[in-house]
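Here is a briefing on one model, grouped by topic. The sequence and structure come first.

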Amino acid sequence: MTAAATAAGPASRRSPARLGAGAIVCLVLALFPVVITDPASTSIAFYALVFMVAASSWNIFSGYTGYLALGHAVFFGSGGYALSLLCSHLGVGGGWPSFLLLPLCGVIAALIAVPVGLVALRTRRHTFVVVTIAIFFIFQLAATNVGFTGGTSGLFLPLAPWTGSSFNTPFYYVALAVLVVTVGCSWFVRRSRFGLQLLAVRDDEDRALGLGVKTWRLKLSAFMLSAFFVGMIGGLYFDFIGQVYPQTAFDPLFDLSIALMAFFGGMGTIAGPLLGAAVLESLQQYVTFTFSNAAIYLIAYGVLFLVVILLMPRGVVPAVTDYLNRRRTRATATGGPPERLAGVAQVTP
Amino acid sequence: MIDGILTGGVYALMAAGLTLIFGVMDIINIAQGVMVILGSYLSFELSVHAGIGLLPGLLITVPVMFCLGVAIEFCFMRRLHDQDRTQMSILVTYAVAIVIEGILTAIYGVDYRQLSASYVNSSVHMLGFYLPDIYLIGFGLAVALLIGLYYMLYRTQFGRAVRASLQNRTAADLIGIDVNRVRMISVGIGVAVTAVGGMVYGATNAFNPNTGYDLISRLLAIVVLGGMGSIAGAMGAAVFILVINDVVAVWWSPTWAPLVYFVALVIVLSVRPQGLFGHAAVRAQ
Amino acid sequence: MTNLIEVSAVVKSYGGIRALNSCDLEVREGEINGLIGPNGSGKTTLFNVITGYERAQAGRIALRGGDITNSSPDRVFGLGIGRTFQLTRMFPRLTVLENMLVATQRQEGWLRSITRLAGSDSERSRALELLEFVGITRLAHEPAANLSYGQRKLLELASLLVADPDILLLDEPAGGVNPTLINHLADRIQELNAQGKTILVVEHNMEFVMGICSRITVLSQGSTLVAGAPAEVRTNPAVLEAYLGADEHEPAGGGAATVAVISEPPRTSREPVAAAAAPDAAAAAASSGEPLLRLAGVCAGYGGADILKDVSIEVARGGITCVVGPNGAGKSTVMKTISGLLRPRAGEIRFRGELVSGLAPKQVLSRGIAQIPQAHSLFPDMTVQENVEMGAYSVHDGALTRKRLAAVQELYPIVRDRAHDKAGSLSGGQQRLVEFARCLMLDPELIMLDEPSMGLDPQTRAMVFEMVAEMNRQGRTILLVEQNARAGLRLSTHGVVLENGRVRLTGSGHEVLTHPEIGALYLGGAVAAATA
């Protein structure tokens with residue numbers, strides 16, 4: 001077996017079918033608001049995009065490192081508050097000007113991630129989860145009590161100048177732009193050395209350390225990166241709504257939702273969180289509109305998740321990929337080679 | 001401050017259930033908070049619609065919650081694989097919590113309720129303090145149950161089976177312990193205590209289906225602070241946290257109080273990740 | 001000659017236990033240094049301290065004169081020291097090739113590592129070269145979790161080499177691995193040494209160590225006993241005492257025999273010749289009559305794949321039957337199937353003529369079959385007495401339990417002496433005794449032992465085998481699975497060789513032991529000693 005052949009790896013990743021499907025999805029996303037113009041649908045689409053970004057960037061940290069962070073609402077809400085404060089202090093108006101400040105919101109969220117990360121990342125596994133939850137509640141309580149965040153009534157964001165049915169469209173496209181950047185980054189990370197090290201940390205952190213991986217720096221970087229995108233899209237989300245206050249900014253259901261979405265689609269994959277967010281968020285919005293009963297959507301959400309976790313424990317995307325792979329290789333599959341041969345056959349030069 | 005100790009006792013009981021489930025199953029039951037609320041609603045239902053008093057009502061609610069715990073273990077917890085088990089359990093039980101919350105919201109709506117009985121508003125005058133009867137009763141119940149729990153674990157054959165199953169599953173199997181049954185019953189017990197907690201909590205606080213979040217965050221803080229898997233730790237941490245909560249509420253401001261104990265939790269965990277009384281080592285199976 | 005690594009007066013304690021007690025070690029450039037010592041002497045702890053996984057409370061560790069005491073593991077690796085672990089570790093969800101690439105970066109900027117793809121072409125080809133070097137190239141794109149135990153060991157070694165460390169610390173590279181692979185490993189290690197790498201090896205396998213090391217350091221109870229050439233160390237009386245304990249275990253004959261004792265798995269204290277003869281006689285007696293346990297055509301496995309393929313074994317009443325074979329042969333699976341932890345897909349298992357295949361463990365237990373699984377089967381946080389009493393969990397007769405407890409205390413005084421100590425605090429050999437005691441509480445007719453000598457040093461191993469023989473003398477039938485085939489078969493009346501899930505050979509213990517085909521592959525310690 002030549003080195004070249006073995007270096008090539010499985011070709012299935014770049015199959016034409018997959019590229020074709022990807023292209024179709026991109027086309028749909030790009031043209032959606034042009035084709036479907038009613039505000040209700042475009043709102044749902046916008047929310048779906050927001051969660052796709054949030055779930056994807058959550059995945060950049062939690063999916064790749066295996067550390068379940070259940071406090072990301074901290075960054076989402078901070079993005080919203082940041083935008084509001086920036087707009088009022090810099091005298092920036094609504095609409096396109098406020099969009100220009102979005103990257104700054106992301107940076108602010110990433111900066112907040114530094115102290116949070118320094119505290120939380122000292123712990124492992126389930127202790128880490130609890131610490132992120134605790135930090136989340138600290139932020140929620142602080143926002144309610146501290147002056148400059150406007151207490152329980154929160155702060156306002158400048159109103160965008162568009163009206164009527166075209167109000168949603170710019171928001172939609174900006175969200176789409178953020179999504180493209182987020183997914184691109186997620187893809188880059190996955191293919192990069194950085195991503196490989198993250199995955200190594202997920203599998204065996206101590207051993208990774210022993211192989212020279214600077215795990216501390218690595219985890220904090222991934223955490224900050226993840227916070228950046230969530231902060232950015234948080235700013236956009238609250239810009240759309242027009243108001244940010246503690247209950248909505250720091251909502252425990254948000255924390256769980258993005259985790260569930262990433263999980264549903266497949267943690268650690270790129271398409272997984274996108275699929276999960278698209279499906280679950282649209283479902284939630286649709287149910288809320290049609291039934292206007294919070295209880296039913298809660299039950300449906302929980303039940304759906306339980307079903308997925310029991311039947312497809314690694315998420316939908318990996319389960320489907322596995323199924324397709326198995327069908328493809330069924331003809332050529334053989335049992336594992338006897339252990340003896342593996343050690344002996346290669347030995348004779 | 002005495003209030004703190006008394007309510008601490010009740011929180012300790014609920015936290016003990018949570019930590020027992022973790023100890024035996026390596027599972028963090030996020031639904032514990034909403035189950036307490038479920039217990040409150042059950043007591044509510046019995047007292048308002050069936051005319052059964054709060055204390056006698058426990059004779060019904062406790063077995064019901066026990067069965068619920070058993071059912072959840074059988075349906076969901078058993079399916080979790082050993083890899084990443086604890087983290088998966090967080091997601092699963094969170095989902096279960098959402099479902100329960102949804103069901104309660106559908107039935108009762110979002111209005112706040114509170115349990116009432118003759119002794120809820122009366123209090124005993126002791127040592128210069130007014131101690132509300134209900135706190136005393138709750139505390140007494142909690143202590144009694146905790147002692148019972150301790151006794152079960154360390155003095156009975158079943159208790160030994162529980163401890164054995166958690167320390168080495170394979171060996172327990174080979175000794176003839178029915179590990180599945182042991183786990184099921186342990187989870188049942190862990191959940192059954194929420195019935196008691198629910199009654200006391202419901203009598204002393206207004207509640208609605210959403211209150212579960214607040215509760216579970218406190219219970220988690222207690223359990224992690226005390227060390228996951230350590231019942232003694234949960235008890236100690238519960239009292240510690242609630243005393244701090246009370247002290248801060250009185251000296252500083254009631255709204256800041258819960259904040260302080262999350263901060264305390266974060267500080268303790270950064271310095272000592274296994275909690276005050278927990279084991280640092282990972283259990284070998 | 002300057003020392004490459006110098007460890008001086010290192011102290012490391014856990015609670016009250018001093019794992020390293022003013023320990024010294026010198027590793028010279030270009031040598032292969034073997035670190036040996038009885039169980040609990042602190043070998044792995046020393047590795048952990050050198051590589052930064054644990055902090056030393058006192059002492060100094062120097063690399064080429066520079067202080068590296070208590071550095072973090074990634075810094076130690078960056079300085080050129082790589083290590084393997086006793087329990088092989090790799091990244092199971094990554095492919096073999098990806099496993100190799102994790103260590104390729106040394107000091108690199110954050111931004112660059114995000115934008116660069118994982119593994120440049122030159123790194124990949126180097127990784128593949130190394131996979132070729134250890135012999136697992138064709139597995140390059142397999143998830144590491146699919147590898148067999150031996151293959152994982154090779155991967156672990158290879159993934160260190162990618163970063164071209166100058167120094168390798170290998171923790172029990174030959175542990176739990178079949179003899180052919182041991183040869184291969186020894187060969188690769190010597191090749192690496194020839195390339196200029198300095199190697200420090202921890203091992204229990206004496207032949208392996210004596211065969212490849214130029215110097216040996218002996219650790220005992222946390223400090224260095226002696227360091228020198230293999231021949232010196234082998235005949236040093238202090239070393240022999242550390243391993244073997246007091247004089248009564250030394251067979252008559254002094255000098256030459258003491259050399260033999262330390263380079264081969266030790267025999268029990270009985271005369272070697274008699275051991276061959278007596279089991280044969282017992283075998284003859286035992287094989288007449290119905291076998292106590294019979295497996296017929298058993299197929300069993302996990303998920304889709306069968307590990308046991310059409311296995312038929314007979315265990316004679318009153319005898320000791322030993323099952324041997326290489327890694328992955330299915331030895332432990334046989335035990336799991338008998339005791340009910342695993343359900344056979346086909347075939348049947350009969351005990352005393354009664355069908356037991358498919359029963360739950362509890363039911364199998366009540367029929368009189370007890371199993372002592374591989375190491376660590378006690379309940380660590382419960383006391384010794386509680387552990388032993390748990391053995392009688394399924395016995396509901398209190399008086400009977402007490403009677404048995406008394407009998408067991410007679411047989412194993414440790415049960416009485418350390419009744420209230422936590423079982424987790426006992427040494428490996430002591431835990432094994434408690435496990436036997438616990439097992440006997442059931443008064444089983446058939447006792448199944450899964451690798452009772454695993455992880456024990458030669459002295460303790462001899463004691464354990466003696467205990468097994470004693471249980472047999474009391475009339476119990478024993479089914480034994482052993483990696484150390486020579487020691488196991490020597491003890492047994494019957495032998496069964498399992499290979500890749502099939503039975504290859506059966507016969508009396510002596511027959512199997514001396515069978516020419518078996519000798520080459522399945523017996524422990526096949527590496528030819530370089531000296532005498």
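In strand 18 of chain C, Thr477(C) is the bridge partner of Leu446(C). This is a predicted model: local features need pLDDT of at least 70, side-chain atom pairs count only at pLDDT 80 or more, and totals for chains, interfaces and linings use all residues. Residues are numbered from 1 along each chain as its sequence is written, while chains are lettered from A and ligands numbered from 1 in the order in which they are written. Helices (H or I, at least four residues) and strands (E, at least two) are DSSP runs, numbered from the N terminus.

**The sheet around strand 18 of chain C**

- Helix 13 (residues 331–339) of chain C packs on the sheet, where it touches strands 13, 16, 17, 18 and 19 (494–499) of chain C. Contact means that the C-beta atoms of two residues, placed from the backbone, lie within 7 Å.
- The direction of helix 13 makes about 145° with that of strand 17 of chain C. Axes are lines fitted to C-alpha atoms, for helices over the stretch in contact, and angles run from 0 to 180 degrees between N-to-C directions.
- The sheet is open, has 6 strands in the order 16-17-18-13-19-20 (chain C), and shows mixed pairing. Two strands pair if DSSP finds at least two bridges between them.
- Strand 16 (369–372) and strand 20 (502–508) of chain C stand at the edges. Each has a single partner strand, so one side of each lacks a neighbour in the sheet.
- From one strand to the next, the twist averages 15°.
- Strand 17 (residues 446–450) of chain C runs parallel to strand 18, with 5 bridges between them. One pairing in strand 18 puts Leu479(C) with Met448(C).
- Strand 13 (residues 320–324) of chain C is also parallel to strand 18, through 4 bridges. Here Cys322(C) has Leu480(C) as its bridge partner.
- Strand 18 (residues 477–481) of chain C is mostly covered, with 5 of its 5 residues buried. A residue is buried if 20 or more other C-beta atoms lie within 10 Å of its own, exposed if 12 or fewer, and partly exposed in between; C-beta atoms are placed from the backbone.
- Both faces of strand 18 are covered. Thr477(C), Leu479(C) and Val481(C) are buried on one side, and Ile478(C) and Leu480(C) on the other.

**A second sheet in chain C**

- Another open sheet has 6 strands in the order 6-7-8-3-9-10 (chain C), with mixed pairing.
- At its edges stand strand 6 (81–83) and strand 10 (223–228) of chain C, each with a single partner strand.
- The twist averages 20° from one strand to the next.
- Strand 3 (residues 32–36) and strand 8 (residues 198–202) of chain C pair in the parallel sense over 4 bridges. Asn33(C) stands opposite Leu200(C) in strand 8.
- Helix 7 (residues 179–194) of chain C packs on this sheet and touches strand 3, strand 7 (167–171) and strand 8 of chain C. Its direction makes about 150° with that of strand 8.

- Chain C holds 22 helices and 20 strands.
- Of its 532 residues, 51% count as buried.
- Among contacts in chain C between residues at least 6 apart in sequence, 70% join residues at least 24 apart.
- Lys422(C) lies in the loop between helix 17 (414–417) and helix 18 (428–440) of chain C. Lys422(C) counts as partly exposed because it has 16 C-beta neighbours inside 10 Å.
- Beyond its neighbours within four places in sequence, Lys422(C) is in contact with Pro380(C), Asp381(C) and Thr383(C).

**Chain A: its contact with chain B, and two helices**

- The contact takes 38 residues from chain A and 35 residues from chain B.
- On the side of chain A that touches chain B, helix 7 of chain A gives the largest share, 15 residues.
- Leu83(A) sits in helix 4 (residues 73–90) of chain A. Leu83(A) counts as buried because it has 30 C-beta neighbours inside 10 Å.
- Leaving aside neighbours within four places in sequence, the contacts of Leu83(A) include Ser98(A), Leu157(A) and Phe238(A).
- Helix 2 (residues 16–35) of chain A is hardly covered: 2 of its 20 residues are buried.
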